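This briefing covers a predicted model and groups its computed features by topic. Please consult the sequence and coordinates displayed below alongside the text.

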Amino acid sequence: MKPAALLAVFDRIERIACLLAFALMAAALMFDVGARLVRGSGVLGAPQAGVIGMIAVSMFGMGLASSAGEHLRPNFLDGIWPKGWSRAAFQAADATTGLFFALFAVIAALVVAESYGLGDVTSVLRWPVWPLQSLIVAAFSLNAVRYFIFALNPDLRPHGIADGVADEDVAALSPKGEAR
Amino acid sequence: MEGVWLVVLVLALFALRQPVMVMLGLAALFAYMVWNDGDPKYVVYDIWQAVNKEVLLAIPLFMLAGAIMSRGSIADRLIAFLRALTRPVPGGLALATVLACAGFAAISGSAAVTLLAVGSIMYKALLEAGYDKGFAIGALCAGGVLGIIIPPSIPLILYGVMTDTSIADLFIAGLGPAIVLVALFGAYALTRNWSRHEGSWSFSEIVRTFRRAAFALPLPIIILGGIYAGFFTPTEAAAVAVAVAVLVEVLIHRDLGLSELKDVTLETSRLLGGLFPVLLFAISLNIFLTYEQTPQNFVAAMEQTIDSKLQFLLMANILLLVVGMVIDIGSAVLILSPLLTPLAQSYGIDPVHFGIIMIVNLGVGYLTPPLGLNIIVAMAAFRESFWTISKAVAPFILLMLAGLILIAALPQVALFLVG
């Protein structure tokens, strides 16, 4: 599979996961507030279900932010590299970020194994913790691969707000999605 | 010696163009490996503990509600009504711009979104009415900053999470400073444009625009009034905000279809994906620092060198202004609030008051070169040079600093409704 196609698959997985998780989070909280207003008490476990949705959105949303180049980055030291080195500097940056994600994916996998071994469960809903913690492993792994692809194929790298504003950034923020 | 290595590591990461998330993650890992018992798993356990907080649910939900309302026609309807109301006032369109930013800020919670939502309509209108371009750009950039000061404000939620301060109290305390800033911006807008006349009141226009805005106008009252009156927690208010936003924009105004709702949700997920990892690693680092009693040691060390509350406020504000110029507000709040708030408390400053000072101060950073986010966004939105926009925002930076001094000197401005 070509790198661009692989990135598109990652993007699709993360988009679907974010939509489902956001729907779960919003629905759980709205039902909870609605029930509290109507019958005076919330829905058992609804806030916890909302939290699970939030965990999934934050983890898979991280991938969407990566593919849009939207991770917050101070760029005031960008000028220390000679102008001609810009491409190489971004390749080195992406390789470093990829290593960071790979490192944390491994550490998170160790935590998941530990939780599985101990039989940890969530509060109220009493669900096993390890499948939920696995979301961290999955999200970090996808990002590690994504950044290694960026490092090897700089043309696929997105340039976000920290690298100078592109029209699509403004379009994404603006009402009706119009770039002006 | 280990501290020096940590500084070298962070500087190397800056030079290697790494995101804030990577710096915080590696700093937390370094801290646990070098100063603790060397188990890297603690960082992930901290992340898990951090993300498992119900209070954090307010952030994605307020962001989604703001995004839905930004995509719909709420800004357009709000502006039309305010223009009709301020028409006979000299410089009324300038005043309407400031008030529209304030009104939209009470819904969006974001500076850049407020700037773009109001700016997309008002910039052209101001120029067509003969207003100075510099004033128009400055007013819209500064008005956008109200988005993070007027509740619901994401930076205020982050401050509350990091310092264990009541988010409801922070929201309530944000109201007074917001009124001060709106009054300062409004007074400047009127003074500078006093010679401009738009026309006279038209009763039919007011009624027509009011009817169009009838569902948009009560939104801030429902969302914030619910919190102020104690009907909702901030998290519940955020869920209500999403429900109301969908109801108004999809079912009543019919400005958003399901496919646009999907796009808005994905955009919000992307923004969250940029914010949450920073938040989680910052909390991990904060848990470590708290465990090692670093804030207490920092307070003890600072008390040796800082003699008075005034000196502390001066020092803290200068530090925050400098930091706000080079780091985004979210990261600055996450990194600095756990260290500065205990110090502020040791000088008798209420943590809610200090939180407001911090957000207003860092809000100035949206307008200051080299990295002011609203300057960068305005460059693309209004197709103007960095220098033009930097000059345009200069008077508003002074107004914000005047407001900041007032807010810092008079705690009642923030605290008069709290408790």
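The model is predicted, so local features require pLDDT of at least 70 and side-chain atom pairs count only at pLDDT 80 or more, whereas totals for chains, interfaces and linings use all residues. Residues are numbered from 1 along each chain as its sequence is written, chains are lettered from A and ligands numbered from 1 in the order in which they are written, and side-chain values use heavy atoms, with hydrogens and water left out.

**Surroundings of B:Thr86**

- B:Thr86 is buried, at a relative accessible area of 6% (buried means under 20%, exposed over 50% and partly exposed in between, with a 1.4 Å probe and protein chains only).
- A polar atom of the B:Thr86 side chain is 2.8 Å from the backbone oxygen of B:Leu82.
- Leaving aside residues up to four places away in sequence, B:Thr86 touches B:Gly92, B:Leu95, B:Ala96 and B:Leu99 (a contact means heavy atoms within 4.5 Å).

**Chain A overall**

- Chain A contains 5 helices and 0 strands, in the order α-α-α-α-α from the N terminus.
- Of its 180 residues, 51% count as buried.
- Among contacts in chain A with a separation of 6 or more, 69% are between residues 24 or more positions apart.
- The accessible surface of chain A is about 8200 Å², and 68% of this belongs to carbon and sulfur atoms (areas come from the Shrake-Rupley method with a 1.4 Å probe; for residues, only the protein chains shown count as cover).

**Cysteines**

- The count over all chains is 0 disulfides (a disulfide is a pair of cysteine sulfur atoms within 2.5 Å).
- B:Cys141 is in no disulfide, and the nearest cysteine sulfur, that of B:Cys101, is 9.5 Å away.
- B:Cys141 is buried at 0% relative accessibility, and A:Cys18 is buried with a relative accessible area of 0%.

**Packing of H14 and H17 in chain B**

- Helix H14 (residues 258-291) and helix H17 (residues 329-346) of chain B pack at about 10°, with axes 10 Å apart (axes are lines fitted to C-alpha atoms, for helices over the stretch in contact, and angles run from 0 to 180 degrees between N-to-C directions).
- H14(B) is therefore roughly parallel to H17(B) (angles under 35 degrees count as roughly parallel, over 145 as roughly antiparallel, 65 to 115 as roughly perpendicular and the rest as oblique).
- B:Val278, B:Leu279, B:Ala282 and B:Asn286 of H14(B) meet B:Ser331, B:Leu334 and B:Pro338 of H17(B).

**Enclosed helices of chain B**

- In helix H9 (residues 154-163) of chain B, 10 of the 10 residues are buried, so this helix is largely enclosed by the rest of the structure.
- The buried residues of H9(B) pack against helices H4 (58-71), H8 (133-149), H10 (167-192), H14, H17 and H18 (351-364) of chain B.
- At the N-terminal end, B:Ser153 caps H9(B), with a side-chain oxygen 3.2 Å from the backbone nitrogen of B:Leu156.

Definitions and conventions
Helices (H or I, at least four residues) and strands (E, at least two) are DSSP runs, numbered from the N terminus. A polar contact is a pair of N or O atoms within 3.5 Å; within protein, one must be able to donate a hydrogen and the other to accept it, and residues adjacent in sequence count only if both atoms are side-chain atoms.
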